[in-house]
Amino acid sequence: MPLASYQTSVPVVVDDAKCIADKGCTVCVDVCPLDVLRISDMTKKAYMAYDECWYCMPCEADCPTGAVTVNIPYLLR
Amino acid sequence: MALDEIVDGLSEVSCDVLVIGGGTAGPMAALKAKLKNPKANVVLLEKANVKRSGAISMGMDGLNNAVIPGYATPEQYTKEITIANDGIVDQKAVYKYAQNCYKIIEELDSFGIRFLKNENGDYAVKKVHHIGTYVLPMPNGETVKKALYRQLRRARILISNRYMATRLLKSADGRIAGAVSVNTRTAEMLVIKAKAVILCMGAAGRLGLPTSGYMFGTYENAANSGDGYAMAYHAGAALANLECFQINPLIKDYNGPACAYVAGPFGAYTANNEGSRFIECDYWSGQMMLEFYNELLSGKGPVFLQLKHLHPDTISEIESTLHKVERPTRGLFQQGRGVDYRSESIEMHISEIGFCSGHSASGVFVDDNARTTVPGLYAAGDMASVPHNYMLGAFTNGAVAGVDAMEFADSHDFAEFDATDVAMERDRVMAPTRREDGIPPNQIEYKTRRLVNDYLQPPKVTRKYELGMRRLAEAREDMQERMIARNAHELLRALEVQSIMDCADMAAHASLYREESRWGLYHWRTDFPEKDNENWFCHTLLSKRDGKMTSEKRAVEPYVVPIADDEKDLYDKQRIRASA
C-alpha cells in the first residue's frame, strides 16, 4: 500500500537563536522519554521530529539556554 | 546519515543482575543489588534515559501510601488495602511493604528528597484514604530523579540508555538466562546474559485510547507501552488479576491527575454539576470509579474537582505543587482554557483503561520477595502484582527485588540459552524493517487501541468482548504480516505496538475468565453483575502454556491481618446517601 504523510502541528518549539545544538549540546534530545527530538542536519538546531509528545517537560526544564518551549498538543488544548 | 538509519548488528554482553527499566523501581533495585554485592556487575537497561524516564520523569508531589509510626501501623495499612481490593490480596507482600516503607522514606530523605514536616519536626501526614492516614507531601518532589541518578553514579551502576528489551531468554530447564534488546536509534541488537533479571518496566499505559484522540496523551508516561507485561507473558511467567483494570479520574482532555490527593487535604472535593459531593472518599478505588462513572452518565455530570471555595492563599499553595511537579504542564493547560482555580472548578473525566498495580492490582504475579513464577526472574513497581503500591511501593519492592536477585545471582551460574531463540527473536524484531511496503505502526496502534476502547472498556459485555477479540485478531494479522518500519524510531514504535496488542489480548482473556463483577468499575461484567465470593474469591493467573493463553484460579493466601465481617464492605459504601 502506498504511504502518504499528513501535516501535524507539533507541541515542542525550539528557539533557534537560543539553541546551542550546533555547538554540540544534545540535552533535550538525550532526556526526552519518548525520543521525539532530533538535531536538524540542515539547521544544526534541535527540533521535534515526531509528534509523539507526553507534554512532560524535561526538554524545557533541562535546556541550558531556555530555548525549548513545551506547548499542549493541539488535540488536547 | 539519514534520520534514525537502521544498522544491522548483534552483540552480546553479560552481567550478574540485569535490571530492565530505569524509572522508579528499577534504579532502587539496581542500587540495592549493587550494595548487596559491590563486586558484582549490575546493568540498568532503559528504553529512554534514566535521568528522566518513567512515571516520575518530572518528580512526584508526595507519597500516597506512607506508613509512618504515630500515624498508621502496618496492620492498619494492610487491612485498608485488602478492603479496597475486595479482599483479593496476598497480604504477606503488602504487610512486608508496610513494614519496610518507613526505612525507605528515611533513605530517600538521606538522598536529599524532603518530606513535609510540621512545626514539631514530625512528618505532616494527610488523610485521603477511607480509613487511615498515609499521604505525605514532598516539597522538593521535582528533584527525585536527580537524587536517584546521583546514587546510581556513586554506586557505579552500568547504565545503558536507549535500549528496549524485547524478549527474555531462558534455559531448557526454565531458568532465566538473560534478555534480548534493541537500540532505539540504530536498531542494533544486544543480547545480555544475566544470572538474574528484574523487570521494572512500568504500567501498560498505552492500552486504551484517550478521549482527546491524541495517542500519546495518556495518563501514564506514554513510553510505558506494557513491554514488561508482554515479555513476562512470553517467558511463561504468570500474570495476576489482569481483569482488574486501571481507570482513573483525571482532568478532562489533559488526562493527568487534578489532583485530589494534593488538594483534598486542603479542603478540595469532587462534586457534580449541582455542586454536591457524591462520593465519600477521593482515594482511587474501583468502587469510587464506579460512582464517578455513574455520576457522569446520570445527567448530574459533568464532575468537577471543587477548590474555588478555598482561600486564595491556599489555592496558590496547591498551584505551587500542581504546576511544578509530576505533570507541570497542568498550569499551562488551565491557562489555555482560561480556568482560574479561584473562580472555576476543574472539569474531570475518566481515563482510558490500562494495567497498573500502582493504582489497581493488575500485574506480573510476584510473592513477597518480588519473585515471579520463573526462577531468577523478578518484577517490581507498576508492573508487579502488589496492589496499590504507588511510587513508594515501587521503591520499597524494588529494593526487595534487588537484594533477593543478587542473592540468587550469587548462588547460581549463568544459565545457557538456545542460540536459535536469539536468531528467531532477531527475525521477529527486524521483520517490519525488511518489508518494502505495508502499514505503518501508528495506524496499527491507533486501530488496536480504538478497538480496546470500543470493545474492552467497562462495562464489560461478553458479546462485545467476543467481537472485540475477532477484530483484534485481524489487527494482529496485519501487524505480523504487513507492518513496516522505515527507520529505527519507527521500529521502536512497531515493537511497542506488539506489546500493546499482547496486552489487549490479555485484558480480553482475563476479563472473560472471571465470571462475576468485582472491584467496582474495574471489572464490571454486565452478564455477571454480582460479586460471587463462593466461586471467585480468588486470584486469577494468566500465562502462556504450549503457546496458548490460559487462565486459572489461585487461592488467596491466608490473611496475616484478619478482617472483621463488618469491615469487609467499607469500600462498597462510596456513594453519599441523601440525608433524611
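Me: How many bridges pair E11(B) with strand E12 of chain B, and in which sense, parallel or antiparallel?

Reply: First, a caveat: this is a predicted model. In it, E11(B) pairs with strand E12 (residues 303-306) of chain B over three bridges, in the antiparallel sense.

Me: And which residue is the bridge partner of Ala271(B) in E12(B)?

Reply: Ala271(B) has Phe304(B) as its bridge partner there.

Me: OK, what is the order of the sheet with E11 and E12 in chain B?

Reply: The order is E10-E13-E12-E11, an open sheet of four strands in chain B with antiparallel pairing. Strand E10 (249-251) and strand E11 (269-271) are the edge strands, and each has a single partner, so one side of each lacks a neighbour in the sheet. From one strand to the next, the twist averages 40°.

Me: Switching to strand E8 of chain B. How many of its eleven residues are buried?

Reply: Nine of the eleven, with the strand covering residues 189-199 of chain B, so E8(B) is largely enclosed by the rest of the structure.

Me: Which sense does the pairing of strand E1 with E8(B) have, parallel or antiparallel?

Reply: Strand E1 (residues 10-20) of chain B runs parallel to E8(B), and ten bridges join them. As one example of a facing pair, Val19(B) is opposite Ile198(B) in E8(B).

Me: What about strand E7 and E8(B)?

Reply: That pairing is antiparallel, with five bridges between strand E7 (residues 176-183) of chain B and E8(B). Here Val180(B) sits opposite Val191(B) in E8(B).

Me: Which residue takes a positive phi in the hairpin of E7(B) and E8(B)?

Reply: Ala187(B) does, with phi near 70°. The hairpin has five residues between the strands.

Me: And how many bridges link E8(B) with strand E15 of chain B?

Reply: Three, in the parallel sense, with strand E15 covering residues 377-379 of chain B. Val197(B) stands opposite Leu377(B) in E15(B).

Me: Then there's the sheet with E14 and E9 in chain B. What order does it have?

Reply: E14-E9-E16-E17, which is an open sheet of four strands in chain B, with antiparallel pairing. The edges are strand E14 (363-364) and strand E17 (548-555) of chain B, each with a single partner strand, so one side of each goes without a neighbour in the sheet. Strand E9 (residues 239-240) of chain B is joined to E14(B) by two bridges, running antiparallel. In that pairing, Ala240(B) is opposite Gly363(B) in E14(B).

Me: Now chain A. What pattern does it follow along the sequence?

Reply: Chain A reads β-α-β-β-α-β, with two helices and four strands. Its radius of gyration is 13 Å, close to the 11 Å from the globule rule for 77 residues, so chain A is as compact as a globular protein of that length. The C-alpha trace spans about 40 × 30 × 20 Å along the principal axes of chain A.

Me: What share of chain A counts as buried?

Reply: 44% of its 77 residues. As for contacts in chain A between residues at least 6 apart in sequence, 56% join residues at least 24 apart.

Methods. Residues numbered from 1 in each chain as written. Chains lettered and ligands numbered in written order. Predicted model: local features only at pLDDT ≥ 70, side-chain atom pairs only at ≥ 80, totals over all residues. Pairing = 2+ DSSP bridges. Axes fitted to C-alpha atoms, helices over the stretch in contact; angles between N-to-C directions. Buried ≥ 20, exposed ≤ 12 C-beta atoms within 10 Å, placed from the backbone. Rg over C-alpha atoms; globule rule 2.2 N^0.38 Å. Contact = placed C-beta atoms within 7 Å.
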